[in-house]
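Please look over the sequence and the structure shown here before reading on. The briefing is written for someone meeting them for the first time.

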Amino acid sequence: MVTDSGAGRRRITEALDLDASSRRWVCNRCGHDLGPAARNYKEGCLVYDRDPREIHVPFDPPTEFGFNPHPDWCRIVEFYCPGCAVMFDVEYLPPGHPITHDIELDLDAVG
Amino acid sequence: MTVMPASQRALLDVAAMGLDERIARFGRPLMRPGPGLDPEVLHREVLEAPTELELAGADSLDPVDLEIFLHKLDSIIDDGRDVCKYLSMAEMLQAGDLGVGIFTAKGDMAGMSTGVILHALLHYGPVKYVLKHYVDDPTVGLADGDIFFFNDPDAGGVHTYDHFLMMPVFAGGELLAWVACGGHQGETGSRSPGGWSPEIGSRYEEGLHITPLRVGTDSRFHTDHLEFLLNSVRTPRQNSLDMKARLAVCVRLRQQLLREVERRGAPFVAAGLRQSIKTSAELARRRISNFNDGVYRSVVFLDTIGIDDGLIRLPVELHKRGDELIIDMAGASPEPGIGPFHLRWHLARAASAAALFPTVFRGLRWSIGLFDPIKLTAPPSIVNAPSRDSGTGSGSHTGRVVVQGLLLAAMRMLHDSPHRTGVAAPFAENLLLIQFGGTGQFGNPIAGGPANGNATGQGARFDLDGEHSAGFFWAMVVDCPGPEEQERKFPYRFDQDVCGLGRYRGGVGLTDCFVIHGTPGLSSNSVGTGSRFTKNYGLFGGYSGAAQPRIVIRGSDAKELMAAGADDLPMSVRELADRRRISGEYVFGHPNSEGETVRDGDVVVLARGCGGGYGDVLERDPEAVRADIADGITSTESATQLYGVVLAPGGCRVDVEATEARRAEIRAERKRLGRPYPDFVADWSQRRPPPEALRHYGEFPVPVQVIDDREYPVEPHSGTGAWHR
């Protein structure tokens, strides 16, 4: 495996590290502790529900169908590091849909 | 089917099942048998036992000679792909929306071309059906020079709009191999010209469904069979040319394979084909062993079933255990029963190859051996639709979302591995396709569409931006000769603020703007997804590419403006929609339409998907943002608001201090707006989409899959002979 974060940490995604010895999620950018790796790292994040029209610029004047997803059908859920505010992940979800536990490592096998 | 009262049924709660139990019950097709259709054939995940010829040649396989032979084999296959592209008339075939494959005598795929992976991957179905049911049937049989045609998705096609030929290859009177070729033809005699009928009620409106049919002997077509096929479609000339193109490819593949037999002997060639599969399987397992054990999840959404709009849930759970991968799709929305978006198990499995072969197995030789360590399970749902009558014409759209979801899960597995170079956001998926039917400029019947639909934006990679108009999700290794040829004459301008933002941004897809000219009217139908819910997903904090509308301007003055030499015509969709320089009645709609008449002067605009971004937008190099502004793909407003990049007056350089201040401001805003996870979930979980979004969803948020044990037995129907006996 690739261990390019140093200090015994594994770089699981772009900005998310696993500290293999303590079995905890850690921010790759600032080292903020995000909680036990047996749980979803998103539980250690700050979370924000964004209107998709803020990112996907609508036509001007707005139309029913445009470059923006419909805000009643689709929301952008953003996950920030509480330490440095780097954005680990975004999910495009219907409002109310459960947050995805996207990475569940077999910690015994990862070592 | 007799419906029993619920109290008398044996019901299974899928959610309560363990993964291994799901694999045992649903890791196989639930498709019903039919004439020419044998689910047992399509459900074979295992490789066939070697033939005596393959065993006889095994000892002669010197590693160096084998490597040379496999290289030659790949050259033969790629040559076949190019011949098909250059000889074909259908534009989708010219664009490389096709597949070419060589199979062992028993039908295991030993090598395949780049292009659309599942086109070649599924051909084991018709080959094995012929071997099982027709070889010993005295009314059919099998001989050197036989030509078989097929297009039925349940026989091993993809949808009826894809047409294929296959031929056996004999050496010294013994069956040595099979060759196959085909791709997207379009016109199939379905209810709308050129296919892609979004409003169908069942498969019987999707044109011809041909199970393996011997249409020729001695390498020549039977005139009666050919005329039957051509008489069933609107474009007999085009289909005739393309049938001959496919035959030319199969004959050429066969000749070149037999040349290798002359040079190396039949046992060597037979054993070489077998060994190529075995080697791929071994390397695939070794590759998988390099990834962290665990479960990787994603959930993606369709926003239409063609005939009606609504959210469709498509979850992917990728289990990595040792040297095996298990793809579990429990929790998908139920089979809608109407519309063309149904997927079968074997197509979902083939779709997973489109996701995994170019990424997880990057650099390995493509053969069915790569599938040896992979299992797929899907309870009855839209991705494993069991109803025999359900339409599958846009099952490929559903399959594409499976590709997106599987890629998102697989990238989470791939990043912490020696194979990080394969990490990228998926190709854009929000596809809009249009077909025109009517009379062409030479008075000939036309029924088909432009191939530019395949020119979508590439997702951002872990170290690079995505390329513009680069290809598409079914074939990350594909050519788009249409756009390349066009851009040589007319340089493109790309739309603004549509690609996925991130540390690396996605590529922009191609937009077609048709002005109807020289015809009183054409029938058109279009199909697509992603107008209310974008599926051009980003990765690791990157935003998705934009949603997409279909725009029609009725009674426009576009032709008059062009005739007058107007130099301020809109050069992008955003410009067209915002500025309204072209007069007429603007209709902004969702992607699906059928039987719509467009008349002289009408304008039809189809924006294609843009790739998702990679990583946090605030980490994008400010100079790269400045270059995006200069290229016209990012507005200065978005640069400031979203990327946090401020340009100095005049826009020629980045204002470094102002950019640092703006980014600090955005980070502070994130900390202020972001809520602790428990607080967020407490409120979030109380929300729901509007009722009209959930018409086809199943129970929200996770569809409950309680199924009738008697309807879906553990063992599929095997069928021991031809269906009619």
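The points below are grouped by topic, after a short note on conventions.

This is a predicted model, in which local features need pLDDT of at least 70 and side-chain atom pairs count only at pLDDT 80 or more, while totals for chains, interfaces and linings use all residues. Residues are numbered from 1 along each chain as its sequence is written, chains are lettered from A and ligands numbered from 1 in the order in which they are written, and side-chain values use heavy atoms, with hydrogens and water left out. Helices (H or I, at least four residues) and strands (E, at least two) are DSSP runs, numbered from the N terminus.

Buried here means under 20% relative accessible area, exposed means over 50%, and partly exposed lies in between (1.4 Å probe, protein chains only).

- Nine of the 11 residues of helix 7 (residues 124–134) of chain B are buried, so this helix is largely enclosed by the rest of the structure; among them are Tyr124(B), Pro126(B), Lys128(B) and His133(B).
- In strand 9 (residues 294–304) of chain B, 11 of the 11 residues are buried, so that strand too is largely enclosed by the rest of the structure.

**Strand pairing**

Two strands pair if DSSP finds at least two bridges between them.

- Strand 9 of chain B pairs with strand 8 of chain A in the antiparallel sense over three bridges, and in this pairing Gly294(B) is the bridge partner of Leu105(A).
- Strand 9 of chain B also pairs with strand 10 (residues 309–321) of chain B, again in the antiparallel sense, over 10 bridges, with Arg313(B) as the bridge partner of Phe301(B).
- Strand 5 (residues 46–50) of chain A and strand 21 of chain B pair over two bridges in the antiparallel sense, and the bridge partner of Leu46(A) in strand 21 of chain B is Pro676(B).

**Salt bridges**

A salt bridge is a side-chain nitrogen of Lys or Arg within 4 Å of a carboxyl oxygen of Asp or Glu.

- A search of the whole structure finds 72 salt bridges over all chains.
- One of them is formed by the side chains of Asp102(A) and Arg412(B), at 2.7 Å from N to O; Asp102(A) lies in the loop between strand 7 (87–93) and strand 8 (103–105) of chain A and Arg412(B) in helix 12 (residues 395–414) of chain B, so the pair joins two chains.
- Asp102(A) is buried, with a relative accessible area of 2%, and Arg412(B) counts as buried at 7% relative accessibility.
- The side chains of Glu54(B) and Arg274(B) meet in a salt bridge at 3.1 Å, N to O, which links distant parts of the chain, as Glu54(B) is in helix 3 (residues 52–58) and Arg274(B) in helix 10 (residues 266–289) of chain B, 220 residues apart; both Glu54(B) and Arg274(B) are buried.

**Helix packing**

Axes are lines fitted to C-alpha atoms, for helices over the stretch in contact, and angles run from 0 to 180 degrees between N-to-C directions. Contact means heavy atoms within 4.5 Å.

- The axes of helix 9 (residues 236–264) and helix 10 of chain B come within 7 Å and cross at roughly 120°; these helices are therefore oblique to each other, since angles under 35 degrees count as roughly parallel, over 145 as roughly antiparallel, 65 to 115 as roughly perpendicular and the rest as oblique.
- Leu257(B), Glu260(B), Val261(B) and Arg264(B) in helix 9 of chain B meet Ala266(B), Phe268(B) and Val269(B) in helix 10 of chain B.
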